Amino acid sequence: MATIPAIRTREEILFDIMQTTSRLYGIRDKDILLERILTEARQALIADAGSIYLIEGDKLVIHYAQNETLQRRLQPGEKLPFSMFAFPLDKTTIAGAAALTKKLINEPDVYAISPDKSYKFGNSSDIATRYKTVSALTIPLIAVSGEVLGVLQMINALDAQGKPRSFSTDDEMFLSHFAANAAATLMHASLTREMILRMVQMAE
C-alpha cells in the first residue's frame, strides 16, 4: 500500500536532492540516466506514473514512460504500450507549454483545466489504456545556459490509500530543485559522450 509523503523541511528536501544527484552523476549512459531520472523523481513524489521527454528539433519526443498501475495489469512478456512518439513543440499540450514558458505546471485535475489556458490534456492515452490520469506536475529540464533540454512529467501523486491526490507545494519544491540538477547531469553525460567519441576519432 502506498504511503502519503510526510511533510518535509526545506533542509530535508535539499538533502534528498543532493543524495539523488550524487547517484545520477555516476551514470554515463544517457539512456540509463533518463530512465533513472524518471524513476528517482517518481519514487520521491510517490507518483503512480510519469514520462520524460527530450526536445528534438521542433518536436517533443517521449523517451521513457512508467506506470505502476498499468505495469501490474501486464501478462508475462507484455510491455507497456508506450513506444517512442513525438508531437509538435507548442503550447497546446501541458508538456509543450512547460517547455516554452520554462515554468512548472501543476494541474490537480487534468480533466478540469481552465479553458483560458493555452493547453489541454490529450486523453487518447487514457482511452487506449483505460487508465485515469488525474493530477499532473510538469517541469522543463533547463541547462545552465538556459537551453531547454526536455520535460519531466509526474502523473497521479498517491495518498495513503493509494488513490490519486494533487501534487503539493513540497512536491513542487522538490521537483524544481531536482529538475535543475537532472538537467545538469544530462548535460554532463552528453559532454562526456562527445569527449569519448572525439577521443575514439583521434585514435582512429
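## The main pocket

Let's start with an open space in this predicted model. The largest pocket has 29 lining residues, and Y53, F85, F121, G122 and S125 are the ones nearest its centre. Here a pocket is an open set of points on a 1 Å grid over the protein atoms alone, where a 1.4 Å probe fits, with protein on both sides within 12 Å along at least five of seven lines; a lining residue has an atom within 4 Å of a point. The space inside comes to about 680 Å³, where volume is the space filled by probe spheres set on the points, and points are joined across faces, edges and corners.

Which elements each supply at least two residues of this lining? They are β1 (47–56), β2 (59–67), α4 (94–101), α5 (124–129) and β6 (148–158). α5 gives the most, with 5 residues. By class, the lining splits into 15 nonpolar, 12 polar and 2 charged residues. In that sorting, Ala, Val, Leu, Ile, Met, Phe, Trp, Tyr, Cys and Pro are nonpolar, Asp, Glu, Lys and Arg are charged, and the others, Gly among them, are polar.

## How to read the numbers

Residues are numbered from 1 along each chain as its sequence is written. Because the model is predicted, local features need pLDDT of at least 70 and side-chain atom pairs count only at pLDDT 80 or more, while totals for chains, interfaces and linings use all residues; side-chain values use heavy atoms, with hydrogens and water left out.

## The second pocket

The second largest pocket has a volume of about 330 Å³. Its lining has 16 residues, with D48, E68, T69, R72 and L158 nearest the centre. This time the classes are 6 nonpolar, 4 polar and 6 charged.

α2 (30–45), β1, α3 (68–73) and β6 each supply at least two lining residues. α3 gives the most to this lining, with 3.

## The chain as a whole

The chain has 6 helices and 7 strands; these are DSSP runs numbered from the N terminus, with helices (H or I) of at least four residues and strands (E) of at least two. Along the sequence they follow the pattern α-α-β-β-α-β-α-β-α-β-β-β-α.

Of the 204 residues, 40% are buried, meaning under 20% relative accessible area with a 1.4 Å probe and protein chains only (exposed is over 50%, partly exposed in between).

## Nonpolar cores

A nonpolar core is a set of buried Ala, Val, Leu, Ile, Met, Phe, Trp, Tyr and Cys residues joined through side-chain atoms within 4.5 Å. The largest one has 25 residues, and I37, L141, L152, M154, L175, F178 and L186 touch the most other members. α2, β1, β5 (136–142), β6 and α6 (169–203) each supply at least two residues of this core, and α6 gives the most, with 7. Apart from it lies another core, of 13 residues, including L80, A97, I105 and Y119.

Take F178, which is found in helix α6. Why does F178 count as buried? Because its relative accessibility is 0%. F178 and L141 are 37 residues apart along the chain, with their C-alpha atoms separated by 9.4 Å.

## A covered helix

α4 is mostly covered, with 6 of its 8 residues buried: I94, A95, G96, A97, A98 and A99. The cover includes β1, β2, β3 (86–88), β4 (105–107), β5 and β6. After α4 comes K102, with a positive phi near 60°.

Key:
Contact = heavy atoms within 4.5 Å.
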